[in-house]
Each structure stands twice: as structure tokens, then as C-alpha cells.
Amino acid sequence: MDVNYINPILNSFASVMPQLGLTNVEKKGMRLKGRFIESPGVMIIVGIIGDIRGNVIYGLSLNDAKKIASTMMMGMPVDNFDELAQSAISELTNMLTANVATNFSNDNININISTPTLVHGEFTANASSDKVVCIEMGVNEMVIEVNISMEKNTL
Amino acid sequence: MKNVNIVIVDDSPFQIALLRDLLTENGFNVVGEASSLEETIEVVTDTKPDLVTMDMTIPGTDGFECTEAIHKINSNIKVIIVSSMMDDEIVRKAKKTHVSGYAQKPVEAEELTLLINRVMADEESFLELEGLYSAIFKESLLNVFNKLTKTSPEITNENNINVEKHSAGISIIMGIIGKYSGRMIVDMSFESAQNIAKVLIKREPKNNEETLNVMSEISNMIAGNACSMINKKNKIFGLRVAPPTTFHGESISISKAELEAIYAANAKTQFGDLSISIGFGRGEGEWMSII
């Protein structure tokens, strides 16, 4: 199945981010990567099952994660990337991916998403497919990488 | 299904009478009613209901504050909103407050009965999953190791603690999706992974990538086999696994997840230690509406 992943993701950012007080959303770039993805500091992985199967792996720097978490929590200062801030960022990716799923369903592609898992530190992620599409989204001077690793559903 | 005990929260005596008749006629036990936050806390504490029907507009408070108060008393009590108001904002807030369902006034008997039955069945099947998944994942891990290496790992330190975890070097994360969604994490040191890979491919792994691939395939088998076993117990679960993503590096912290059931354990194998963690949440599947 040849699936256009780009528009559902762009539309999701455009509709979810402003609800959280992050108004300036733009697509900064797009590229193909191999399966190894260097972590910018924080990564959140959301599994996808259904007409397509794979993972969406969000990546952002620790600083940007703290800033976004702070905005989501009505400007509450976030000095440490603590449990509350981590939970806010997980929830953000959950909302973004759920919205992507809704956008896909408008094109008759049905997918379900897993619980997000947030990982932070210094590490490399190894995606399940050889080709990973990376969309770089700019959100109020911050950058969120959306890495899409999909395989055809053979089930 | 067992008898369902219900408390009605509504500021209008007329609505309470209407709902009480409707619920009673359809075989539910109405065990109490409340018209304010204080009454809600009192009645819910006293009557320990399975479910509360919640109006949105209550003088001095609202349905969400009352719902939070109820969940402070017992987070297992199901709350469904029965209100004339309904918009995206309310639905979003309702999901956030862990409301189980929504019915718009005026409610029809058949619809409300169906909603309550669904919500209660949902609770029963989550409890069923909670009761069986840890033993099955453990069995699956042991089976996979037994078949592949003819050895039996020793399972230690089994627990249900939901905390941030620090990786020993390699972490493999797999999303689980179905009626309830969750995740499985398999974690180990590079050394353990290399030893295990060496046994399975019967030679030194060529590089780290090969080691990671072997471990992600093992994880895939553990999760896949376990989910199939769970689905065989009750097909309502319909669990499937997303492809594994592996993480490796100097410092990997895996955050505490928003999961309601967690099982973690260490597996001591002849080749080194690994740890597994599996969790499920009630998730979106829980949300129901009859609008």
C-alpha cells in the first residue's frame, strides 16, 4: 500500500498544537533516514496497528520538551524534566497520533495506536523498517522530529 | 453479569425520579442519589456503588469536580455523564477525568441500559486481562527461551511497581494494541544480548546491529506468543503487537507510563540477565457514548 503519511501528520499538528497554546506550526523539512535514529534527547514511541503497521517515533531536545511541557501546563516553570513534564509530553504525542489516526480514517485507512512510551537520555533508536521518513516540524521556534517507520501489514 | 449498584447525581429532583424509574425498571439497583458535591461524597462513601450517573450542571460545582471526588474515594467506580449538554470541550474534559461514557438527555431506556452494560462489561474484561496477562507473559518468555536455547531462565523479583526505569544498555519497546492497549519492554546489557545472540546464531555476532536484531526478534516472539495466548482465552481482547523498536546507548531512562496494570520481572538466564515489563491501560476503548 502506498500511503501518504505527510498530510495526516501536518493536519494533526495544525489542529492539536493550537489547542495547547502552541500556535506557530510549520513543516521545516522532510528526509529519508536509515533505521538508526540518533536521539535528540527525548523520544516517544507510539505503535501503530491496522491497515498499516509500524511505529511513529517522535524526537525532540530536552530543552524543547521542557518548554512544550511548560506551555501545556499553562506556563508553569519546568526546570527538571520530571514525571509531570514527561507525562505532558507523552500525552501530547498520544493526542497527535490519535489525531493522525482520525485523519487516516477519513481516507479509509483504519489504524489503532498503542500507549506512548517516553525514553530520554543518550541513545540511538533502531526502527523496525529500513526506511524511515522523517518530518521536521517547527513549533514556536522549537523542533519536533516525526520519524515514521512503517511496514506493509502482512497479517 | 452481577447486579449493578448505581448512584444518581443530578440537581433536579424530576430528573432523579425519571432516572430512578428508568434504571430500576431495567434491572439496576439504584442505591442512592445526590444533588451537591458534599452529598455525592457522602452517598458514594456510604453506598459504594459500581457506577454513578453524573449530571454536568450542579450548583456550586460541576460534573467533573464530582467525578474527581468519586475517583478519590475509589478509582474503580465508573462514572457516566448523563447531561443535556454535549460538545467537544466537554468530551475532551470527560476523557481526561476518566469518565467511562456519555449519554445525552433526554435519555432513552434502551440506550442507557446498553451503555451501562457495556461500561460494566468493559470493567469485567479488564479485570479478566489483569488476572491473566502476567502469568501468560512469563510463560511465553520461558517457552521462547526453552525452545531456542533449551535452557530455563529463573524468574525473580516479580512486581507490579510502575516507576521510571533505567536501561542496562539495550531496551526493546513494543506497543500492544487491542481492546486495551499497552506495551512490553525487554531490557538487557550489551553483554547479555551478545551472549544470547551467539547461542542463537551459533557464532559471534558480526556487529551490534545483528545482536540488536536477534534480541528484537526474541522480543517479538515473546510478545506475539503471549498476545495469541491471551486472545485464545478470550477473543474480545484482540491483542496485536506493533513492530519492536530497539534503543541502545549510554543512558536510557524509560518514563513511567500511564498504565493501570503493570507486571515486571527479572529473568536470570545462563547467558546473562534480562528484565521484562508489561503494562496495560484501559485507554480509549473505555470511552463510550450513545449520542
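How many of the 10 residues of E6(A) are buried? Seven of them are, so E6(A) is largely enclosed by the rest of the structure. Here a residue is called buried if 20 or more other C-beta atoms lie within 10 Å of its own, exposed if 12 or fewer do, and partly exposed in between, with C-beta atoms placed from the backbone. Before we go on, a word about the source: this is a predicted model, in which local features need pLDDT of at least 70, side-chain atom pairs count only at pLDDT 80 or more, and totals for chains, interfaces and linings use all residues. Residues are numbered from 1 along each chain as its sequence is written, while chains are lettered from A and ligands numbered from 1 in the order in which they are written.

Let's stay with E6(A), which covers residues 117-126 of chain A. Helices (H or I, at least four residues) and strands (E, at least two) are DSSP runs, numbered from the N terminus, and two strands pair if DSSP finds at least two bridges between them. Within chain A, strand E2 (residues 36-38) pairs with E6(A) in the antiparallel sense over three bridges, and A:Ile37 stands opposite A:Ala125. E3(A) is also antiparallel to E6(A), joined by four bridges; there A:Ile45 has A:Thr117 as its bridge partner.

E6(A) also reaches across to the other chain. Eight bridges link E6(A) with strand E13 (residues 245-254) of chain B, and the two run antiparallel. Along this pairing, A:Asn126 faces B:Thr246.

Now for the chain contact as a whole. Chain A contributes 30 residues and chain B contributes 30 residues, where contact asks for C-beta atoms, placed from the backbone, within 7 Å. On the side of chain A that touches chain B, the elements giving two or more residues include helix H3 (83-106) and strand E3 (41-50). E6(A) gives the most, with 10 residues. By class, that side of chain A has 11 nonpolar, 15 polar and four charged residues. In this scheme Ala, Val, Leu, Ile, Met, Phe, Trp, Tyr, Cys and Pro count as nonpolar, Asp, Glu, Lys and Arg as charged, and the others, Gly among them, as polar.

H3(A) has a helical neighbour too. The axes of helix H2 (residues 62-72) of chain A and H3(A) come within 9 Å and cross at roughly 85 degrees, which makes H2(A) roughly perpendicular to H3(A). Axes are lines fitted to C-alpha atoms, for helices over the stretch in contact, and angles run from 0 to 180 degrees between N-to-C directions; under 35 degrees counts as roughly parallel, over 145 as roughly antiparallel, 65 to 115 as roughly perpendicular and the rest as oblique. Among the residues that meet are A:Ile68 and A:Met72 in H2(A) and A:Ile89 and A:Leu92 in H3(A). This contact has eight nonpolar, no polar and one charged residues.

Let's finish in chain B, which has seven helices and 16 strands. Of its 291 residues, 44% are buried. Helix H6 (residues 190-201) and helix H7 (residues 208-233) of chain B pack at about 80 degrees, their axes 9 Å apart, so H6(B) is roughly perpendicular to H7(B). Their contact includes B:Ile196 and B:Leu200 of H6(B) and B:Val214 and B:Met215 of H7(B).

Technical notes:
Two residues are in contact if their C-beta atoms, placed from the backbone, lie within 7 Å.
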